[in-house]
Amino acid sequence: MGYVFLTLAFLALVVVFATVKVVPQQTAYVVERLGKFFAVLQPGVNFIIPFFDRVAYKHSLKETALDIPEQICITRDNVQVRVDGVIFIQIIDPMKASYGINDYRFAVSQLSQTTMRSEMGKIELDKTFEERTTINQAVVNAIDEAAIGWGVKVLRYEIKNITPPQTVLNAMEKQMQAEREKRAVILESEGQKQSSINLAEGQKQKVVLESEGLRLRQINEAAGQAEAIKSIAEATAESIRKVALAIQEDGGMNAVQLRVAEQVVNQFGNLARTNNTLILPANFGDLSSIIASAMTVVKQQDKTV
């Protein structure tokens, strides 16, 4: 009797474990009933009919990274490069992932490789490193379109390494060295050009400043000369006015006569010293008449004034 009870208890536990299915978070169980798709169990506690239902597939709904093996691709300019990458996928439909394809991981990996070879063949080697983003997006679009029937969503694709042949690497290194030398020569010539421009600008500014200085000097000298002439003229006019006032005073005319006599004698004395021939007026002996004639002229000028 005890063995029967133990057997029934064991069978009951088996039935309970077969009936109750606890699905973890971010996991989907695909259940088949009598060999046919029945339902997808959601996270939590689920109940199925023992011996009629069975969990045929278990899928993780988390984002998964698949490593894409390295492969040889030929670029547009017929250069062989080795390319590998990584693709990120996620199951969005467990039923299609179970029945839409036999192995979605293998299919995604193979489609990634073929799409990569196709995209690399469209561009030249020099642009492969620049066009990584474009290549990645093209691979994502191509795989995502094909993976709709597999219940898989392609989130992104990233190229890890692009490795050209060693000969190409050596040629690229030489090209880069030549570019560096070219830039160095250009920079040196630009420096020399700028130096020449700066020297020319400095010489130009020097000439301009010198001409400005000379102009200001001439202006200042002219202004000084004008001031000097004005001062001399004013002094001369003042002296003439004082002489005129002095003549109007008592004894002024006698002083003028004396001054005129002195000037006449001095001038004839100078003529005698500088010339071999001396021409004298007819009345030179009568010095008083000569002085009288000169005074007549002075008086006439004084009346005119």
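Q: Is Tyr99 buried, exposed or partly exposed?
A: Partly exposed, with a relative accessibility of 37%. Keep in mind that this is a predicted model.

Q: How many aromatic pairs turn up in the whole structure?
A: The search finds two. In one of them, the ring centres of Phe37 and Tyr99 are 5.9 Å apart and the planes sit at 75°, so that pair is edge-to-face.

Q: Which residues end up in the ring cluster?
A: Phe37, Tyr57 and Tyr99, linked by ring pairs. Phe37 is partly exposed at 31% relative accessible area, and Tyr57 is partly exposed at 32%.

Q: Where is Gln26 found?
A: In the loop between strand S1 (20-23) and strand S2 (27-33). Gln26 counts as partly exposed, with 33% relative accessibility.

Q: What about phi at Leu34?
A: Also positive: Leu34 has a phi of about 55° although it is not a glycine. Leu34 is placed in the loop between S2 and S3.

Q: Leu34, buried or exposed?
A: Exposed, because its relative accessibility is 65% and the cut-off for exposed is over 50%.

Q: Now charges. How many salt bridges does the whole-structure search find?
A: Nine. One of them joins the side chains of Arg54 and Glu32, at 3.1 Å from N to O. Arg54 lies in strand S5 and Glu32 in strand S2, so that bridge ties together parts that are 22 residues apart in sequence.

Q: How exposed are Arg54 and Glu32?
A: Arg54 is partly exposed at 48% relative accessibility, while Glu32 is buried with a relative accessible area of 7%.

Q: What's the N to O distance for Lys153 and Asp144?
A: It's 2.9 Å, and their side chains meet in a salt bridge. Lys153 counts as partly exposed at 33% relative accessibility, whereas Asp144 counts as buried at 19%.

Q: And which residue does Glu119 bridge to?
A: Lys122, with 3.4 Å from N to O between the side chains. Glu119 counts as buried, at 16% relative accessibility.

Q: Last topic, surface charge. Which residues form the negative patch?
A: Asp77, Glu124, Asp126 and Glu130 form that negative surface patch.

Q: Where does Glu130 lie?
A: Glu130 is in the loop between helix H4 (125-128) and helix H5 (132-146). Glu130 is exposed, with a relative accessible area of 61%.

Terms used
Residues are numbered from 1 along each chain as its sequence is written. This is a predicted model: local features need pLDDT of at least 70, side-chain atom pairs count only at pLDDT 80 or more; totals for chains, interfaces and linings use all residues. Side-chain values use heavy atoms; hydrogens and water are left out. Patches are made of residues with over 30% relative accessible area and no salt bridge: like charges are joined within 9 Å, nonpolar side chains (Val, Leu, Ile, Met, Phe, Trp, Tyr) within 5 Å. Accessible areas come from the Shrake-Rupley method with a 1.4 Å probe; for residues, only the protein chains shown count as cover. A salt bridge is a side-chain nitrogen of Lys or Arg within 4 Å of a carboxyl oxygen of Asp or Glu. Lys and Arg count as positive and Asp and Glu as negative; His and the chain ends are not counted. The place of a charge is taken as NZ of Lys, CZ of Arg, CG of Asp or CD of Glu. Helices (H or I, at least four residues) and strands (E, at least two) are DSSP runs, numbered from the N terminus. Buried means under 20% relative accessible area, exposed over 50%, partly exposed in between (1.4 Å probe, protein chains only). Rings of Phe, Tyr and Trp (its six-membered ring) pair if their centres lie within 6.5 Å; planes under 30 degrees apart count as stacked, over 60 as edge-to-face and the rest as tilted.
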